[in-house]
Amino acid sequence: MTTEAEYFKTNEANRVLYYWQLNCFPKSNQPSQQTKEKVEETPLKKETTTKSSDVSTMYYEARLKVVEELKKQKQLEPYPHKFHYDLTIAQLYTKFSYLGNSQASHEFCAVPGRILKITPRDDSVIYYLEHKELTLPVLVKRSQVLAKFISLLALGDVIGTIGQPSKSSDGQLILIAKELRLLAPCLRLVPPKLEDSTERYKQRYLDFLINIGRRKIFFNRAKIINHLRKFLDDRGFSEVETPILTMNAGGAHAVPFITHHIDLNIDLCMRTATEIYLKQLVVGGFDKVYEIGKNFRNETIDASHNAEFTSCELCAVYIGYVGLMYLLERLIGEISIHVTGNTSVPYHVYGENSPPVALDLTPPFVRLSLIPELEKAVGAQFPKDLESADAHKFLLDLCKKHNVVCPPPTTSSRLFQQLVSRFIYPMCVHPTFVIDWPTLLSPLARGSSNGTTQRFELIIAGIQIASGYSDLNDPFVILKRYEAQAAAKAQGDETAQIFHETFSTALEYGLPPSSGCGIGIDRLTMILSDSQTIKEVVFFPSLVGTEDKVVLTQTKPHSDKSQKPVDHVSRKPKKSVPKPEVIQRSHIVFDINPVEEKTNMQDLENKVRAINMPGLEWKVSKLEPLAYGITKLRIRCVVEDKLVDVETLEESISQISDVQSVKVTDNGNKI
């Protein structure tokens, strides 16, 4: 009987493995004919088929029996809580590189690893252990002491090996095992390959076990973040943390995710950007700030968009957007050298089936003025006032002429952005700063003398990597810009920004001249790892489909504008149950001005809270200073829409003798 046949007959799991190799591997990698004859003398307990799912089930059951038997015997713990090791595989290669061919060390070392491959030999078995992309052959002789481990171990097991480092006659470092320890058994059959992208994303653990090279993408991603942090720290920036849950998700043209706070009984948004908070910190005296973290946008998932993504947003005083571009191009160049060792990076710009383009990330980058280049591309001259009705018609006709599809609502800003995506982005293969953006796409950017704004976008391989601008710090101009955004939102543009009162108030204390930008870390990783989809550079990307019997779905925008679209997790109900009545509530904020400076504000608040109606619940309040020493009362309440009329409640407050005026500042946000 051959040694290979002996190995395949050691236990039920290995016999299943034998049949699996017949079904899954090419003939060159299958067991020998002599082995086939010997192994099939002892057939499987169940009839095998060529279906991989049946083989996987049988293998799992066989491995499960092995683990259960170990637990019963209590001689060998299959799941130990620790293992004291001396060296990793990488450290072992470094330490014993001095050994000559056929030379062995007298030192014993303990090394952990996962079994990647098993090769039976005449008087031994070689287990190939893998750790951090390095492989180490472990030679296990068929001694009486180690014989039991040969029948226990299988592909994918995590083991600890104590043995002597040695080099073979051809110079390969091996570890001659004296003792083996099972650290974590692999119960599932590890497939020879995993190429389907959807399955890889759903089973990332298996993807990284089989496709070991893909781990390098994420090691490089960590290098990018680390060097980005060091680059900014060395230049006097302070890393900060800002809220993820907020009442108003401002700072970006995006639809936010909505969640609900049970205790406060209010809806909250998940942030779409950190810009608004960073500028408030600058007002407070933090001259240079940055934040690396997650943002969330309820938008289309495609090759360059994920529902949640990692970005670095920064803001610095006394630097214009031109200085920011110099900073950014130097940062990109340094990161490229740190990660790849070069500023020339190969990237399959035109798809995996086309030759890669060597992207030159050496500063300085090309500058491109947006409007003139877009006019050349479409063969038409743009109106100076892009927010006029004539300009809107012009953009509609232009998109129709060039077959540019713009999902509704077809506002001027959305139409213009679609034209830029079609004609400008594809021409920016090498790093290009697209500058001079119109105001309708940059509501918080400072204006330029040529009628545009001091804003830029960094495009590499047709992908937007960064966006930044000189900050507009005039609160009166910003108020007008917010009014224009409100008009766009009224037309149905859910990506338009909402007026942020706290931010507007902060500007009235004086925002120093400053600039800021956001850098997409996921997309930068795509460029430096030659990945054509953002899913390849995110550990667990957003997927549409079934996972653990939970279907993640997204509702379409509701026809009733008062009802906000929400994301939900739908489960198949076990039985039909009556749905409880849904009670619609709104949270209302009242601004109450007293009749005079001497008014006792605590008494005034008590009188307001004394108003009692069915379906009315008073919440938090605060005092805010007005001009000439007068203070106003801001108070929040929650009302049931069917029971409480807001106008009647407002009238009741105005009847209080100490009240000069009352105003509803927030209404209609359903809970």
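D157 is buried, with a relative accessible area of 0%; buried here means under 20% relative accessible area, exposed over 50% and partly exposed in between, using a 1.4 Å probe and protein chains only. Keep in mind that this is a predicted model: local features need pLDDT of at least 70, side-chain atom pairs count only at pLDDT 80 or more, and totals for chains, interfaces and linings use all residues. Residues are numbered from 1 along each chain as its sequence is written, and side-chain values use heavy atoms, with hydrogens and water left out.

**The chain overall**

- You're looking at 19 helices and 25 strands; these are DSSP runs numbered from the N terminus, with helices being H or I of at least four residues and strands E of at least two.
- The chain has 671 residues, and 47% of them count as buried.
- Take the contacts (heavy atoms within 4.5 Å) between residues at least 6 apart in sequence: 65% of them join residues at least 24 apart.

**Around D157**

- D157 sits in the loop between helix 6 (147-152) and strand 4 (158-167).
- Its side chain makes a polar contact of 2.7 Å with the side chain of R63; a polar contact is a pair of N or O atoms within 3.5 Å, where within protein one must be able to donate a hydrogen and the other to accept it, and residues adjacent in sequence count only if both atoms are side-chain atoms.
- A polar atom of the D157 side chain also lies 2.8 Å from the backbone nitrogen of A154.
- Setting aside neighbours within four places in sequence, the contacts of D157 include R63, G113, R114, L182 and C186.

**N295 and its strands**

- N295 belongs to strand 10 (residues 288-296) and is buried, at a relative accessible area of 1%.
- The side chains of N295 and R271 are joined by a polar contact of 3.2 Å.
- Not counting residues up to four places away in sequence, N295 touches R271, T272, F309, S311 and E313, among others.
- Strand 10 pairs with strand 11 in the antiparallel sense over nine bridges, and K294 stands opposite T310 in strand 11; two strands pair if DSSP finds at least two bridges between them.
- Strand 11 (residues 308-317) has nine of its ten residues buried, so it is largely enclosed by the rest of the structure.
- Seven bridges link strand 11 to strand 18 (residues 514-520), and the two run antiparallel; C315 has G516 in strand 18 as its bridge partner.

- Three strands form an open sheet in the order 7-9-8, with antiparallel pairing. Strand 7 (245-246) and strand 8 (258-261) are the edges, each pairing on one side only.
- Strand 8 and strand 9 (residues 266-270) run antiparallel and share four bridges, with T259 partnering L268 in strand 9.

**Nonpolar cores**

- The largest nonpolar core has 49 residues, and L228, L328, L359, F456, L458 and I519 touch the most other members. Its largest share, nine residues, comes from helix 11 (residues 321-340).
- A nonpolar core is a set of buried Ala, Val, Leu, Ile, Met, Phe, Trp, Tyr and Cys residues joined through side-chain atoms within 4.5 Å.
- Leaving out residues up to four places away in sequence, L328 touches F433, F456, L458, A466 and I519.
- A second, separate core of 35 residues includes L99, V140, L155 and I210.
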